[in-house]
Structure formats: C-alpha cells, structure tokens
2 protein chains.
Amino acid sequence: MPIVVQKYGGSSVADPSRIKAVADRVEAARRAGNDVVVVVSAMGKTTDELISLAADISANPPPREMDMLLTAGERISMALLAMALEVRDIPAVSYTGSQAGILTDSAHGGAKIKEITGHRVRDSLAEGKVVIVAGFQGVDPDSKEVTTLGRGGSDATAVALAASLGADACEIYTDVDGVFTADPRIVTEARKLAEISFDEMLEMSASGAGVLMSRSVEFGRRFHIPIHVRSSMNDQEGTWVKETTMEQAIISGIAHDRSEAKVSVNRLPDRPGVAASVFTPLAEADVNVDMIVQNVSHDGTTDISFTVPRAQVSEAERIAKEVAAQVGAESVDVDLGVGKVSLVGAGMKSHPGIAAKAFSALAASDINIEMISTSTIRISCVVRSEHVERAVQALHDAFDPPMIVEEVGA
Amino acid sequence: MPIVVQKYGGSSVADPSRIKAVADRVEAARRAGNDVVVVVSAMGKTTDELISLAADISANPPPREMDMLLTAGERISMALLAMALEVRDIPAVSYTGSQAGILTDSAHGGAKIKEITGHRVRDSLAEGKVVIVAGFQGVDPDSKEVTTLGRGGSDATAVALAASLGADACEIYTDVDGVFTADPRIVTEARKLAEISFDEMLEMSASGAGVLMSRSVEFGRRFHIPIHVRSSMNDQEGTWVKETTMEQAIISGIAHDRSEAKVSVNRLPDRPGVAASVFTPLAEADVNVDMIVQNVSHDGTTDISFTVPRAQVSEAERIAKEVAAQVGAESVDVDLGVGKVSLVGAGMKSHPGIAAKAFSALAASDINIEMISTSTIRISCVVRSEHVERAVQALHDAFDPPMIVEEVGA
C-alpha cells in the first residue's frame with residue numbers, strides 16, 4: 001500500500017474538536033487506500049506556555065531539561081489523536097520521537113536528525129495501524145537523552161520520516177491554503193501557487209515566507225520527497241513543492257521579512273582581510289548574518305553593512321564595535337527600522353532585466369533601496385520597515401506572479 | 001553518603017513558586033549531607049485536565065494511549081524542578097519512569113512495579129547530582145510500552161525507589177502535617193501522630209485515611225523502609241510510619257469513608273455454598289467487595305450484606321440480582337446512604353472491651369450501627385452517611401487517641 005505522511009501543526013490540533021477533524025482527515029486518507037503516518041506538533045500554544053513556565057523558574061534553563069519539558073507537548077496531542085482514531089474504529093498507536101527511532105545529534109534545543117530507524121513505525125504499519133509520531137523531537141542514541149529539533153522541527157520530522165519510509169509524498173497541513181505569490185494580508189490579489197520548485201521554496205523560506213522552514217524543504221530536495229502544503233481547514237489542493245515544476249515561472253512570488261536589523265561599520269580602512277576581520281568573530285559567536293553589502297571605496301576607506309536577526313543585534317553590535325576599535329574604523333551604526341523584500345523565481349536567471357524592472361517599480365513608488373543582494377533566482381532589497389508593505393504591493397503589481405516564461409513578451 | 005528519597009505531590013509542585021520552595025527544601029537536604037532523589041507528581045490539577053481532554057475525545061480511551069497522555073504530566077514538573085535546582089547551582093537531572101528503570105507489568109492504568117534497575121539514577125548520584133524521577137509511571141520491559149501505576153502511584157514509586165537504592169527513609173511531602181488521630185476537619189481536637197506502625201497505617205488507609213495509599217505502605221513494610229509523611233508547607237516533623245512504634249497505642253486513630261455503598265441480598269436459602277454463589281461472580285467481575293456481613297438465619301433463609309465502591313454499585317447490583325434469581329433469594333437492596341467509621345490500633349488485640357466501649361459510645365450519640373466488621377487491629381462500623389461525622393467525634397471523645405497502653409487504667 002502507498003504510504004502517506006501527514007503533518008499537522010499546533011493550530012490544527014489546538015483543541016479536541018480540531019483533533020477530531022484531523023481524525024476525519026486521516027480516516028479519509030486511509031479509506032483512499034493508504035497506509036498513514038501522522039506527525040503532530042503540540043496543541044495550540046502549549047509550547048509557548050511551557051517555555052513561559054520555564055522562564056518563571058530560570059533565566060537560563062539547562063537545554064537538556066528544556067527538551068525534557070517541551071517534549072511533553074507532542075506527547076499530549078499524539079495520544080489524543082490516537083484516541084480520536086480508536087473512536088472511529090481505526091487502530092492507531094502513538095510513538096514519541098525516541099520510540100519512532102528519530103536519531104539525532106546531541107544538540108539540545110536544535111538537534112539535527114542523523115538517521116531514522118523506525119522499526120516500530122514499520123511494524124505497526126504492517127499490523128494495519130495508523131502510526132502517530134511526535135514531531136519536533138528525537139533521541140541522541142549515544143547518551144540516550146531526549147532532544148528537540150528547534151524551529152520547524154515537526155515539518156523536518158515529517159519529511160525525514162516520509163523519506164525513510166519511502167512515502168510518495170509528505171503532506172504539511174497548516175492554517176493557510178498553501179504558498180502564495182505574496183502575503184495575502186498585504187496583497188489582496190496574491191494567488192496561491194499550484195507548485196513551486198524546491199530551490200524557489202528555499203529562497204522564499206529564507207526570505208521570510210513563514211509557511212515552510214528551509215530545513216524541511218532541504219530534506220525534501222535531498223531525498224526527493226514532494227511536499228504538499230495545504231490547509232487543515234478545507235479540502236482544497238494546496239501547493240506542491242517539488243523537484244521541477246511544469247511551467248517555469250520567471251517570478252514565483254514575493255517574500256518579505258521584518259525580523260532583521262542592519263549593522264553598519266563605517267569607514268573601515270580599505271585593505272585585504274578587512275571583511276574577514278568583521279565576519280570571523282561574528283561567525284564564531286554564532287551570529288546569523290544574512291545579507292552583506294560592501295560599497296565602493298573612495299578615500300581609502302570602505303563601509304560594510306550586514307543584516308542579522310533582531311534577537312542577535314546586541315551581540316552583533318558588541319562584536320562590530322570591538323572590531324572597529326581594533327582595525328581603526330570610524331563608527332558602528334545599528335538600524336532596527338529596516339525590512340527586506342525579495343523577488344523569487346527560477347526563471348529569472350535566464351531573463352535579464354528583472355532586477356532593473358524591480359528597482360524601477362520600487363522607485364516609482366518612492367521607495368528608497370538601502371541594500372541589494374541577489375542569487376541566481378532571487379533579488380532582495382532592504383528598505384525602510386514602514387515601506388515593506390508598499391514595496392511588496394508594488395513588486396506584485398509589476399510582475400503579477402506567477403509570471404510564466406511563455407507569457408513573457410515585452 | 002546517606003540517600004534520602006523525597007516525594008512531592010501535585011499540590012507541592014502546583015506552580016513555579018511552589019516548585020522553587022521544593023528546590024529550597026532539596027537544597028537543605030543536600031546541605032545536610034545527603035544524596036537526594038526526588039519523586040514528583042504532575043503539577044496541581046494537570047492530571048485531571050488531561051483526563052478531561054481525553055474524555056472530550058473518547059468515552060473509552062485506549063489504556064495504552066491514556067498512559068502516553070498522562071505521563072506528560074510528571075515530565076513537565078520534573079524538568080521544571082531540575083531547572084529550579086540548576087538556578088541554585090545544584091547539578092540535577094530528571095528521568096522518566098522508563099529512564100529510571102521502573103519496570104512494571106503490562107497493566108496500563110494500574111501497573112505494578114516488578115523491579116527497579118535504576119542504573120542511570122545511581123550513576124547520576126555518583127556524579128554528585130540530585131536525581132528527579134517522574135512518579136506514577138514506568139515501562140513494561142517486554143513490550144517497551146509506557147505504563148502508569150494508578151492511584152497512589154507516585155508514593156509507590158518513591159518507596160520502591162528508596163528500597164532499591166538502600167535509602168534510610170522515604171519522605172512523603174503532602175499538603176497536610178502528617179497522619180492524624182481523626183480528620184481534623186471533623187474533630188478539632190484531632191492530634192498529629194508522631195509515629196504509627198505499618199500494620200495500623202494499612203488499616204487506616206484501607207478505612208479511608210487518604211494521606212497515604214495502602215500500596216506504598218505495603219512497599220514500606222515489605223522492604224523495611226520507614227516513611228515520613230510530612231507537610232511541604234512547613235518544617236515540622238510529620239508522622240513516621242514504621243515497623244514497630246516505641247509506645248504501642250491501643251487506639252491510634254479513627255478513619256472514615258463515605259465512598260462506598262451497601263448491597264443486601266435478602267432471604268437467601270440458608271445452605272452451604274450460598275455465600276460463594278454471591279461472591280464468586282462479583283470477584284470474577286473485579287468488583288472490589290470490602291465488608292461482608294451475613295446474619296443469623298431464623299427460618300431457613302439468611303441475609304447477606306456487603307459494601308462496594310460507589311463506582312461499582314450498578315455492576316454489583318446487576319450481578320447480585322442474577323444470583324438472587326438463580327438461588328431463589330427474595331430481593332436485592334442497594335443503599336447509597338451509608339458511611340463507615342473505623343477504629344484502628346495495634347494494641348487493641350491485647351485489650352478486650354474496646355469494641356464494647358466503641359459500640360456504647362455510638363449508642364450514647366444515638367447512632368445506629370448497620371454492619372460491623374473487625375480485624376485484630378481494627379473495628380469498622382457502617383452507619384448512616386449523615387451520622388459519620390458525629391460517629392467520628394464520639395469515638396474520638398471516648399478513646400482520646402493516641403491512647404497509649406501505659407495510660408489504660410479503667
């Protein structure tokens with residue numbers, strides 16, 4: 001029988017009635033002739049509540065105990081879903097990450113999946129059961145300690161399980177209808193994409209599209225598992241994230257991100273090694289640098305700007321100031337008022353002029369561009385935070401994604 | 001170093017501030033030169049809340065999944081306590097029942113502890129850590145399924161762990177100051193007992209004293225582990241439950257129980273085997289029969305009355321009616337309006353006249369006795385439910401427990 005792996009996020013299992021709705025959907029997949037493996041997150045805000053309890057007790061809780069605490073969340077939702085299936089006379093069994101053989105490294109709070117053994121999962125499927133697996137968690141086989149996978153961990157569990165079980169696809173159920181050409185809360189004309197390539201989805205995720213974390217997309221790409229992102233609230237098809245798409249879009253969508261800040265190191269001496277002197281200590285401190293721009297030097301000095309997650313901006317500022325003092329730079333500025341707008345499309349690499357058209361569209365809307373960074377299939381611009389929505393709308397108007405190759409005339 | 005096992009119930013870990021108070025107490029035990037093992041229940045009403053979530057989903061949830069669900073509770077409290085200890089720079093580690101090697105049989109929801117391996121507990125103690133163990137839970141080593149121990153399970157975990165680790169004693173922290181001569185909510189003069197024997201405590205627990213479940217007392221008696229029942233709200237000494245007590249009390253205390261109902265089978269043919277015909281099917285249906293009274297036969301018939309937990313009364317009535325029809329009894333009555341009052345004391349076996357004095361005290365308070373049952377160290381009377389409080393007070397007045405042997409003059 002074909003195996004389907006379905007993943008339901010916290011909002012899809014937020015209360016008993018939602019859990020029953022998930023059970024209905026699992027029943028339908030089973031009726032359609034599939035073996036079904038379900039990966040669940042913790043119910044609703046459970047994880048946040050547990051984090052807040054821990055914060056009441058310790059400003060810096062030991063990561064090992066934090067993982068012990070947080071893994072209680074999926075344990076609750078998975079057992080309740082098993083009960084809801086048994087009520088429908090569907091044999092079901094729930095397994096923790098450890099029981100399902102999700103083997104990880106030892107990095108508590110952000111462990112990486114190394115291997116999935118999955119003996120119990122396969123045995124239970126062979127017995128005709130629906131298998132429910134706790135998302136977000138695993139076990140370090142050396143220390144036998146329970147680990148969690150960090151942000152986006154449940155999606156990663158689902159895609160990795162789908163790969164290890166030889167499933168045809170992984171369905172990610174969420175509270176939106178799929179991947180859109182832009183955030184529908186900003187652009188009312190935004191359209192749901194029927195499909196998008198792994199490469200494009202990776203760029204969208206990295207550029208702020210929250211619907212899928214990069215991590216699970218990388219798993220899908222590496223193990224050739226198509227991912228179907230769809231809503232748990234209706235029966236519509238969502239968006240298929242897959243190897244290649246039928247029609248290659250020049251522009252698939254526009255993503256935006258307001259979670260970063262900009263740090264500028266001004267008037268650095270313009271000599272070899274100066275960029276390394278800035279970014280080596282940042283990397284050593286695990287500061288997650290995103291965009292980097294170094295402008296042309298005029299007077300023997302140069303300016304380097306980069307963006308980092310806001311949560312890391314004080315750390316980044318501290319390090320940048322140390323470096324500035326060491327190498328004789330003039331000053332360090334921090335700017336929390338920035339946002340990033342990105343245009344993503346696999347077809348843009350064979351279509352010159354996309355960047356120019358994007359910059360013109362932003363200019364026509366009186367939006368100043370502060371930083372630019374590009375990959376072969378993405379163009380990102382840093383603008384004022386308050387201009388982000390207008391920028392997304394302007395780019396959507398200009399390109400009307402998904403903008404298919406065949407349609408390009410001008 | 002001496003090992004102390006401490007157990008904290010749900011009310012003692014109900015919120016972060018209570019958990020911090022537990023950490024203070026653990027710190028003190030460690031400062032006093034002990035290796036400390038802590039057994040915790042789920043926080044406050046967590047278990048009830050999880051049961052209620054399950055009830056919203058299924059009228060009859062699979063016991064295996066119910067255990068998966070409920071074991072999330074202790075996981076939360078144990079991780080939070082470990083965090084609270086680390087804040088005090090006390091190295092600590094939390095283990096689930098499975099990780100601690102609490103091996104049980106396969107009876108989900110009411111598993112029995114078969115063995116405690118406890119390798120990780122011992123290793124962590126050897127590393128100088130406080131070890132926190134989830135109460136109420138274990139693992140069936142054959143199926144590798146997680147189990148729960150049922151009512152009183154956390155106390156049983158603590159006493160069994162104390163036995164397996166060779167601890168000097170097991171401290172059970174609760175929300176009352178110890179074991180009292182009667183319920184202080186009924187008898188204002190009720191006194192806290194400094195000590196009580198295992199045998200007496202077993203009779204008290206079986207007679208309705210809720211402070212300790214029979215199960216953990218049996219463990220203590222079997223493995224010679226003194227149990228110190230005390231309050232987590234203050235530093236007073238509580239009650240020591242132990243092998244033999246220094247002064248043997250004639251009457252240690254008065255327990256009461258309003259959780260049972262009485263079933264009477266009237267005018268049974270008085271012939272050999274008639275009692276067996278009633279109680280064999282009840283035993284086969286797992287109905288938990290407590291007191292049994294068969295009165296004298298006058299006219300070739302006899303009446304048999306027995307008490308059962310109210311939760312099982314419909315089942316008991318159904319079976320009794322079947323038996324009555326088979327053997328030709330006249331009728332079956334069910335009485336929900338009963339209560340039981342018990343006088344417990346190891347010294348009563350060598351002091352005749354206790355029963356007579358008790359019956360007189362009840363008579364003087366105009367309380368009619370409906371059933372009587374005695375063991376060597378207990379006298380129990382079934383009375384009208386509304387007379388229970390008066391009966392407890394009357395017996396306490398008459399015997400003024402703890403009534404020590406030396407004081408007995410009259």
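**Entry: Asp199(B)**

I began with Asp199(B), which counts as partly exposed because 19 C-beta neighbours fall inside 10 Å, where 20 or more would have made a residue buried. The model I am reading is a predicted one. I placed Asp199(B) in helix H7 of chain B, residues 198–206. Once its neighbours within four places in sequence are left aside, I find Asp199(B) in contact with Ala346(B) and Ile377(B).

**Entry: chain A as a whole**

For chain A I noted 11 helices and 22 strands. Its C-alpha trace spans about 75 × 55 × 30 Å along the principal axes. I compared its radius of gyration, 23 Å, with the value near 22 Å that a compact globule of 410 residues would have, and the two agree. Of those 410 residues, 50% count as buried. Taking contacts in chain A between residues at least 6 apart in sequence, I find that 75% of them join residues at least 24 apart.

**Entry: how the two chains are related**

The same surface serves both copies, since 100% of the contact residues of chain B recur in chain A.

**Entry: the contact between the chains**

I counted what each side brings to the contact, and the record is 25 residues from chain B and 25 residues from chain A. On the side of chain B that touches chain A, the elements giving two or more residues are helix H1 (16–31), helix H2 (46–57), helix H3 (63–70) and helix H4 (72–87). H4(B) gives the most to that side, with 10 residues. Sorted by class, the side of chain B that touches chain A holds 18 nonpolar, two polar and five charged residues.

I then turned to H4(B) itself. Of its 16 residues, 15 are buried, so the helix is largely enclosed by the rest of the structure. At 1.5 Å a residue, H4(B) should span 22 Å, and its end C-alpha atoms, 23 Å apart, agree with that expectation. After H4(B) comes Asp89(B), whose phi is positive, near 60 degrees.

**Entry: parallel strands of chain B**

Which strands pair with E6(B) in the parallel sense? Strand E2 of chain B, residues 35–40, is joined to E6(B) by four bridges and runs parallel to it, and strand E3 of chain B, residues 92–95, also pairs with E6(B) in the parallel sense over four bridges. Within E6(B), Val131(B) is the bridge partner of Val37(B), and Val131(B) is likewise the bridge partner of Val93(B).

E2(B) is mostly covered too, with six of its six residues buried. From E2(B), Asp35(B), Val37(B) and Val39(B) point one way and Val36(B), Val38(B) and Val40(B) the other way, and all are buried. Strand E1 of chain B, residues 3–8, pairs with E2(B) in the parallel sense over six bridges, and in E2(B) the bridge partner of Val5(B) is Val37(B).

**Entry: backbone angles I checked**

Most residues other than glycine have a negative phi, and most peptide bonds are trans. I therefore recorded the exceptions below with that background in mind.

Asp89(A) has a positive phi, near 60 degrees, and is found in the loop between helix H3 (63–87) and strand E3 (92–95) of chain A. Asp89(A) is exposed, with 7 other C-beta atoms within 10 Å. Phe136(A) has a positive phi near 75 degrees and sits in the loop between strand E6 (130–134) and strand E7 (137–140) of chain A, but Phe136(A) is buried, with 28 other C-beta atoms within 10 Å.

The peptide bond from Pro401(A) to Pro402(A) is cis, with omega near -5 degrees, and Pro402(A) is in the loop between helix H11 (388–399) and strand E22 (403–404) of chain A. In chain B the bond from Pro401(B) to Pro402(B) is cis, with omega near 0 degrees.

Note on methods:
Residues are numbered from 1 along each chain as its sequence is written. Chains are lettered from A and ligands numbered from 1 in the order in which they are written. This is a predicted model: local features need pLDDT of at least 70, side-chain atom pairs count only at pLDDT 80 or more; totals for chains, interfaces and linings use all residues. Two residues are in contact if their C-beta atoms, placed from the backbone, lie within 7 Å. Ala, Val, Leu, Ile, Met, Phe, Trp, Tyr, Cys and Pro count as nonpolar, Asp, Glu, Lys and Arg as charged, and the others, Gly among them, as polar. The radius of gyration is taken over C-alpha atoms; the globule rule is 2.2 Å times the number of residues to the power 0.38. A residue is buried if 20 or more other C-beta atoms lie within 10 Å of its own, exposed if 12 or fewer, and partly exposed in between; C-beta atoms are placed from the backbone. Two strands pair if DSSP finds at least two bridges between them. The expected span of a helix is 1.5 Å times one less than its number of residues.
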